[in-house]
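Subject: Structure for you to look at

Dear colleague,

Here is the structure I said I would pass on. My notes on it follow below.

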Amino acid sequence: MSNAPTANRLRRWRFALGAMAVLGVLLALFAATASGSARENAPPPPANPEHQVASLPPDPRPTEPGLASIPSFAIPAGGTARVSDTAASGQLFRVLDSTGREIARREVDGHGRPVETRFVLPTGDGITIDADYGDPQLRAPANSRVLGRRLSNCGANDQVYSNWYFDYSQSGAFTWYWHQSTTPSYLNLTNTLDSLRNAHSEWIYNQNWCNIADQADALSSYGGTTTRSLGNDGVPIVGWGDTDALGGNCVGSIACTWTWWGSDYHVVDTDTRFSNDTARATWINGGASGKYDVQGTMAHEFGHSLGFDHAPTTDNVMYKDQSTNNMTNRELGRGDANEVNTKY
Ligand SMILES: [Zn+2]
């Protein structure tokens, strides 16, 4: 019994050491903040835990022929909806049916704009609609016009960034087609095709910019030009047009991708449309003030076609926003490279 006070002191001493160790980690994090690399750290936990909500964001219906038969993003009878904050300063809405099964989810960005909606149909098939927006608050890095070397910084973010709730993927060779005649007349057609093809190659070959070896086996090839329009017809299409007419998330976007998958979670079709509204977006094959890079935007959209969600950090292609005069989005970051290695 006479040893008890000593034992207690020992425990307190150990506790004090533990507290000092934690303090050291915090100091190191603050030092990282001061040197400007803090954004490479893991995103903070959501400020608000998921909670139930009585209503959902607006759900504009598609007007494009062939895209009309998607479910409403609404709470079904007996069902519920829940919302939580995302690492990218937005919100994630989830819709559950009366049995508690998740049947749809929608991510909105910090401006309330829907960037992604996914549905699981009663057949077991699914649809995802991804939209991308210009963000005037993003600035192009000073080196964004430098060619022939790594454009984006690779950061320290090794994490596999997605949560694979509806884990669809492409299976086997996928052939995509270019709706060439929709391309804006101010774009050089040869350079545009190069941009579109390079963007696909970025993922297919898992271009190694960040010292992460390619272990992936994603496949895709260019099949030529087409005059087909968007819709679930088994033919992947890339082109320009009225993204608002696609409805849903696509309203107000600079580019939008629809993807359909079967009950085996293999993609059966995926179509991408760039906005042809010059008041919203003008395009270039490269970097220029006020213009969006075709290749970088295509790289992001093709990432969605492969089944990738948005990444929380700007050093990945799958970051949710596009900025003008910026070509860094052409090149896979650490998270992108690890994602494609993991999924394919
Ligand atoms: Zn996106």
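β11 is mostly covered, with seven of its nine residues buried. This is a predicted model, so please read everything here as computed from it.

β11 has two strand partners in my notes. With β10 (255-261), the pairing is antiparallel and runs over seven bridges. Threonine 257 is the residue that stands opposite threonine 272 of β11. The two strands form a hairpin with five residues between them. Tyrosine 265 sits in that turn, and its phi is positive, about 65°, although it is not a glycine. With 16 C-beta neighbours inside 10 Å, tyrosine 265 is partly exposed.

The other partner is β9, which runs parallel to β11 and is joined to it by four bridges. Tryptophan 240 has phenylalanine 274 of β11 as its bridge partner, and glycine 241 stands opposite serine 275 of β11.

β9 (237-241) also pairs with β7, again in the parallel sense, over two bridges. Here tyrosine 177 stands opposite isoleucine 237 of β9. Four of the five residues of β9 are buried, so the strand is largely enclosed by the rest of the structure.

Now the helices. α2 covers residues 189-204, which makes 16 residues. From first C-alpha to last, α2 reaches 23 Å, close to the expected 22 Å. Its buried residues are Thr192, Ser195, Leu196, Ala199, His200, Glu202, Trp203 and Ile204. In an α-helix there are 3.6 residues a turn, so residues three or four places apart point the same way. What do the buried residues of α2 pack against? They pack against β7 (175-178), β9, α3 (294-305) and α4 (334-343).

After α2 comes asparagine 206, with a positive phi near 45°. Glutamine 207 belongs to the loop between α2 and β8 (221-225). Is glutamine 207 buried, exposed or partly exposed? It is partly exposed, because 18 other C-beta atoms lie within 10 Å, and a residue needs 20 or more to count as buried. Leaving aside neighbours within four places in sequence, glutamine 207 is in contact with Glu202, Glu331 and Leu332. Glutamine 207 and leucine 332 are 125 residues apart along the chain, yet their C-alpha atoms are separated by 6.8 Å.

α3 is one of the elements that α2 packs against. All of it is covered: 12 of its 12 residues are buried. Among them are Met298, His300, Glu301, Phe302 and His304. The end C-alpha atoms of α3 are 16 Å apart, which agrees with the 16 Å that its 12 residues should span at 1.5 Å a residue. Glycine 307 follows α3 and has a positive phi near 105°.

Asparagine 325 is in the loop between β14 (321-322) and α4. Its phi is positive, about 50°, although it is not a glycine. Asparagine 325 is partly exposed, with 19 other C-beta atoms within 10 Å.

For the chain as a whole, there are four helices and 14 strands. Of its 344 residues, 39% are buried. Among contacts with a separation of 6 or more, 68% are between residues 24 or more positions apart.

Last, confidence. The mean pLDDT of the chain is 80, and 77% of the residues reach 70 or more. Where in the chain is confidence lowest, and where is it highest? It is lowest in helix α1 (residues 4-34), at a mean of 35, and highest in β9, at 98. Over residues 1-43 pLDDT stays under 50, and the model has 12 contacts beyond four places in sequence for them. Residues 138-149 also stay under 50, with 17 such contacts. Where pLDDT is low, the predicted coordinates should not be read in detail.

Regards

Methods: Residues numbered from 1 in each chain as written. Predicted model: local features only at pLDDT ≥ 70, side-chain atom pairs only at ≥ 80, totals over all residues. Expected span 1.5 Å × (residues − 1). Contact = placed C-beta atoms within 7 Å. Pairing = 2+ DSSP bridges. pLDDT = per-residue confidence, 0-100.
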